[in-house]
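The sequence and structure come first.

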Amino acid sequence: MTGIHADIDALKGLHDALVRYRNAQRDVAARGEDQLAATRASLAAKASRLRAQLELGQAEYSACQDRAAQADPDEPVDCSGYARAVQQHSEQLEQIRVWQQRVDAEAGEFSGTAGRFAGLLENDLPRMEEHLVAVIASLEAARRVRAPVP
Amino acid sequence: MTARPDQDGDQQLRLLGDAWDKAAEHWRDGPARQFGTAQLTPLLQESRCYLEALRKLMDLLETAERETDG
């Protein structure tokens, strides 16, 4: 019996595999989008933190420069530490801005491919599944017709 | 630890390929060839293309996170 219906069983297995594939890849696509959103949010949060640190650093540096301007020439005020901190925060902020642009560019490029794949999952795959169901039904009907009368 | 989505997608693609190989052992008529050529092969190709793009994007996101830490 296994040999006679092996093709039908194999087609049913393929049909089930296609259904599982569609659901699993939908999940994969959703997780990819979630990861993109998470990274964008993370970069935005880092940029926000750095902007606050930069503003604070600039205020401290400015206050130091004021103190330096009013200081006794024999006791100069060293503001280089504040200057370095401002420079460092500024560079880090710029680095984040560059990464945000790269992520946006890559995500834009990715969206075309992702859109085609989503269309395939939503439209083409269900049609393939329906096609297989029809083939299976046709084979089963043919076997019933050919089955010997007891 | 959760696998990256592109890696899970690759695994699903392998499973579908295995299912097709198994089905093709028993389903070998004209409609089978037509199904393989006209429907399954484009699906597998488009899937590979998507998963490669997803892998690139996930690599970039990981690098972006790493490079902007600290």
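## Terms and model

A crossing is called left-handed if the near helix is turned anticlockwise from the far one by less than a right angle, and right-handed if clockwise. Helices are DSSP runs (H or I, at least four residues), numbered from the N terminus.

This is a predicted model, in which local features need pLDDT of at least 70, side-chain atom pairs count only at pLDDT 80 or more, and totals for chains, interfaces and linings use all residues. Residues are numbered from 1 along each chain as its sequence is written, and chains are lettered from A and ligands numbered from 1 in the order in which they are written.

## Helix pair within chain B

α1(B) passes α2(B) in a left-handed crossing. Their axes (lines fitted to C-alpha atoms over the stretch in contact, with angles from 0 to 180 degrees between N-to-C directions) come within 9 Å and cross at roughly 165°. That makes α1(B) roughly antiparallel to α2(B) (over 145 degrees; under 35 counts as roughly parallel, 65 to 115 as roughly perpendicular and the rest as oblique).

Residues are in contact if their C-beta atoms, placed from the backbone, lie within 7 Å. Among those of α1(B) that meet α2(B) are Leu13(B), Gly17(B) and Trp20(B); the α2(B) side includes Leu40(B), Leu44(B) and Arg48(B).

## Contact between the chains

In chain B, 30 residues are in contact with 36 residues of chain A. The largest share of this side of chain B, 16 residues, comes from α2(B).

Note on methods. Contact = placed C-beta atoms within 7 Å. Helix = DSSP H or I, 4+ residues; strand = E, 2+ residues; numbered from the N terminus.
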